[in-house]
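User: I would like to go through a protein model with you. Could you begin with the terms I need?
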Amino acid sequence: MQIGELARSTGVKIETIRYYEREHLLPVPQRTDGNYRLYSPRHVEQLRFIRFCRSLDMSLEEVRILIGARDAPAGSCRTVNTLLDEKMAEVDARVDELRQLRRHHALTPSMPSMRAVGYRQAWAHLEGELT
């Protein structure tokens, strides 16, 4: 398949696919006689994996580590386990922050609507009550 079809089937923009190629996150595609890139089901799988990781706020370096571990399954799992433990700790911290925001919002029913006063003013109001 060519790059347009790959982009449509994975929901990843063509420019992003080329960027991932330059960053060596995707295997080098074969080329036609006309120098068009030809992608395989492996490219589709890899792009979906990258997209999934990015949806979890993983950096490209973290994605690279996971791809490397997946491509070398006989290697040590220590690096992957450490990375995933750190990512889970980040998620837990973010969940705690969001719960704190929810509790705070429930305690301040007088907080002006963000649409009525604008995001900056509402944010300033919220910051003032948190400090």
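Analyst: A residue is called buried under 20% relative accessible area, exposed over 50%, and partly exposed in between, with a 1.4 Å probe and protein chains only. Helices (H or I, at least four residues) and strands (E, at least two) are DSSP runs, numbered from the N terminus. The model is predicted, so local features need pLDDT of at least 70, side-chain atom pairs count only at pLDDT 80 or more, and totals for chains, interfaces and linings use all residues. Residues are numbered from 1 along each chain as its sequence is written, and side-chain values use heavy atoms, leaving out hydrogens and water.

User: Which residues of H3 are buried?
Analyst: In H3, the buried residues are His43, Val44, Gln46, Leu47, Ile50 and Cys53. Helix H3 itself covers residues 41-55.

User: What covers them?
Analyst: The cover includes helix H1 (3-10), helix H2 (14-22), strand S2 (37-38) and helix H4 (60-71).

User: What about the whole chain: how many helices and strands are there?
Analyst: The protein chain has 7 helices and 2 strands. Of its 131 residues, 26% are buried.

User: How many aromatic pairs are there?
Analyst: Rings of Phe, Tyr and Trp (its six-membered ring) pair if their centres lie within 6.5 Å; planes under 30 degrees apart are stacked, over 60 edge-to-face, and the rest tilted. The count by this rule is 1 aromatic pair. The ring centres of Tyr19 and Tyr20 are 6.1 Å apart and their planes lie at 50 degrees, so the pair is tilted.

User: Is Tyr20 buried or exposed?
Analyst: Tyr20 is buried, at 9% relative accessible area, whereas Tyr19 is partly exposed at 33%.

Definitions and conventions. Expected span 1.5 Å × (residues − 1). Contact = heavy atoms within 4.5 Å.
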